[in-house]
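Subject: Handing over the structure

Hi,

Here is the structure I said I would pass on. Have a look at it first, and then read my notes below.

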Amino acid sequence: MSAAQLTPESARLLALDVGTQSVRALIFNGLGDMLARAQVPIEPYFSEHPGWAEQDADLYWRAMGQACAELWETQDSSQITGMALTTQRATTVVVDAQGQPLRPAIIWLDQRRAENQKPIGGFWGLAFKLVGVADTIAGFQASAHSNWLAREQPEQWAQVHKCLLLSGYLSYRMTGEYVDSVGAQVGYIPFDYKKHAWAGKRDWKWRGLAVKRQHLPELVACGERLGGLTEVAAKHLGLPAGLSIFSAGADKACEVLGAGCVTPETACLSFGTTAAVNICREKYVEATPFVPPYPAAMPGAYNNEVNIYRGFWMVSWFKQQFGKREADIAKTRGIAPEALFDELISEVPPGSMGLTLQPYWSPGVHDPGPEAKGAIIGFGDVHTRAHIYRSILEGLAYGLREGAERIEKRGKVKIQKLRIAGGGSQSDAAMQIAADIFGMSAERPHVYEASGLGAAINVAVGLGIHQSYRDAVAKMTRAGAIFVPQSQAQETYDQLYKRVYKRMYARLQPLYREIRDITDYPPKL
């Protein structure tokens with residue numbers, strides 16, 4: 001079918017979503033309906049040393065092929081009219097001149113650091129000292145995968161032909177060209193987040209990083225054609241050779257787009273491994289000073305994002321440590337454990353009878369600082385594990401509200417509505433808690449696979465099925481279930497948030513520093 005003959009109803013848009021824990025192949029039409037889905041679980045990473053997180057780069061490629069093969073058991077691959085790839089962010093793959101990985105991919109969860117890099121001198125160094133961000137820049141240098149590789153594995157680094165993000169590596173496997181999406185550029189790389197291009201020749205990042213321009217792919221704006229499937233890639237994925245691949249954003253950016261959040265008045269909460277609050281806007285605004293907004297999944301737009309690292313991982317942590325009984329019962333009854341956990345916390349009143357959690361289970365770099373730890377205060381003999389579970393959901397929502405308020409203050413715009421995506425959004429209890437703590441309606445997108453839908457929107461615009469992103473979002477996204485704040489719960493949460501939660505970090509930070517000095521955990525930068 002030619003592009004001119006395509007209609008929203010007839011379009012078959014393939015989105016390949018390569019996440020941390022699974023690879024999914026999804027088919028949507030141009031109305032945003034998900035027509036088919038296949039999912040292949042993957043091991044998130046292996047670790048040869050404490051703090052390391054690595055994975056065989058070709059594992060993702062093999063899983064993409066497997067997911068597609070499962071899809072074609074029920075679907076006709078010849079009907080696919082266009083495709084896009086969205087991946088986890090900040091995962092690095094280095095390849096040689098033949099395009100072969102030189103070593104395992106370094107996953108975004110990796111915590112190794114290349115400390116004591118040579119400070120940036122000259123004008124830039126002086127400017128950083130004057131504005132008080134020299135430590136932030138040093139942290140950027142220490143966190144860069146390229147700097148660690150150049151220092152710790154110099155023989156391998158000397159063989160590096162390209163230093164790619166996972167999106168760039170998989171795009172190479174599909175097209176045979178070193179290309180990547182503008183919307184996927186998130187990491188410690190020489191990228192100009194304001195201009196959405198590689199940094200200019202005089203930019204300080206070239207002085208602070210081992211990676212050079214020749215190591216990097218060419219960038220393609222979201223919605224533009226990235227390339228066509230090679231014969232080899234087409235055979236691996238079970239698709240027609242030459243099929244057009246369109247540039248799409250990274251997974252979080254696609255999630256924001258797929259949730260229908262294209263104006264700063266609607267925030268996207270991501271209830272995923274990393275919990276986040278995101279808004280999309282066309283103006284460059286730094287929600288945290290000197291931390292740039294990331295590229296959105298549509299050209300010329302930015303995503304203001306505040307993260308809670310290890311966010312809804314905390315829910316998994318609770319289930320592993322305290323939820324064996326529910327897991328066993330759920331298995332016997334043939335239902336999801338989440339349904340039982342929602343029942344468990346329905347018996348606990350809003351506010352968890354004063355039990356208040358600060359969700360810093362993993363340290364940050366900017367705010368909170370690297371010495372931060374998680375905390376739960378307010379314990380009494382009335383509290384059970386149900387209270388703890390509810391306090392985790394409440395603490396995450398408090399943290400996201402704090403991030404949203406920071407975005408509002410810096411951007412001078414008022415958030416009026418929430419769209420919530422990610423695995424945690426499937427919990428009605430988590431959705432209601434978010435609505436109550438934010439004091440506004442919380443909407444679940446009509447499809448669970450919001451990041452995949454965002455990638456499909458990139459394809460739809462690229463093919464001309466919809467003439468603009470605003471039009472595509474209006475036609476392809478909509479609210480599913482809507483949760484309205486309950487006035488009594490909202491009042492309780494508002495008081496706990498303002499009078500307890502927001503004061504916790506400042507009160508506990510000195511103790512966190514003492515703990516760090518005594519135990520050396522988290523390790524000092």
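Let me start with a term: a salt bridge is a side-chain nitrogen of Lys or Arg within 4 Å of a carboxyl oxygen of Asp or Glu. Before the results, please keep in mind that this is a predicted model, where local features need pLDDT of at least 70, side-chain atom pairs count only at pLDDT 80 or more, and totals for chains, interfaces and linings use all residues. Residues are numbered from 1 along each chain as its sequence is written, and side-chain values use heavy atoms, with hydrogens and water left out.

**Salt bridges**

By that rule there are 26 salt bridges. One of them links aspartate 203 with lysine 205, with 3.7 Å between the closest N and O atoms. I call a residue buried under 20% relative accessible area, exposed over 50%, and partly exposed in between (1.4 Å probe, protein chains only). Aspartate 203 is buried at 15%, and lysine 205 is buried at 12%.

Arginine 113 and glutamate 115 also meet through their side chains, at 2.9 Å from N to O. Arginine 113 is partly exposed, with a relative accessible area of 24%, and glutamate 115 is partly exposed at 24%.

Then there is the salt bridge between arginine 325 and glutamate 326, at 3.4 Å from N to O. Arginine 325 counts as exposed at 52%, whereas glutamate 326 counts as buried at 4%. Elsewhere, salt bridges with shared partners tie Arg401, Glu405, Asp494, Lys498 and Lys502 into one network.

**The six-stranded sheet**

Helices (H or I, at least four residues) and strands (E, at least two) are DSSP runs, numbered from the N terminus. Two strands pair if DSSP finds at least two bridges between them. An open sheet of six strands has the order S3-S2-S1-S5-S14-S13, with mixed pairing. At its edges are strand S3 (34-41) and strand S13 (225-228), each pairing on one side only. From one strand to the next, the twist averages 20°. Axes are lines fitted to C-alpha atoms, for helices over the stretch in contact, and angles run from 0 to 180 degrees between N-to-C directions.

Strand S2 (residues 22-28) and S3 are antiparallel and share seven bridges, and phenylalanine 28 has methionine 34 in S3 as its bridge partner. Helix H6 (residues 166-175) packs on this sheet and touches S1, S5, S13 and S14, its direction making about 150° with that of S5. Contact here means heavy atoms within 4.5 Å.

S5 runs parallel to strand S1 (residues 13-18), joined by six bridges, with leucine 13 opposite glycine 82. S5 also pairs in the parallel sense with strand S14 (residues 244-246) over two bridges, and there methionine 83 has isoleucine 245 as its bridge partner.

**The seven-stranded sheet**

Another open sheet has seven strands in the order S17-S18-S16-S15-S21-S22-S23, again with mixed pairing. Strand S17 (294-295) and strand S23 (479-483) are at the edges with a single partner strand each, so one side of each has no neighbour in the sheet. Helix H14 (residues 428-438) packs on this sheet, touching S15, strand S21 (417-421), strand S22 (442-445) and S23, and its direction makes about 145° with that of S22.

Serine 425 is in the loop between S21 and H14 and counts as buried at 2% relative accessibility. A polar atom of its side chain lies 2.5 Å from the backbone oxygen of glycine 422. Leaving aside neighbours within four places in sequence, serine 425 is in contact with Phe271, Ile420, Met431 and Arg444.

**Helix H1**

Eleven of the 15 residues of H1 (residues 57-71) are buried, so this helix is largely enclosed by the rest of the structure. Among the buried ones are Leu59, Tyr60, Trp61 and Leu71.

Cheers

Key
A polar contact is a pair of N or O atoms within 3.5 Å; within protein, one must be able to donate a hydrogen and the other to accept it, and residues adjacent in sequence count only if both atoms are side-chain atoms.
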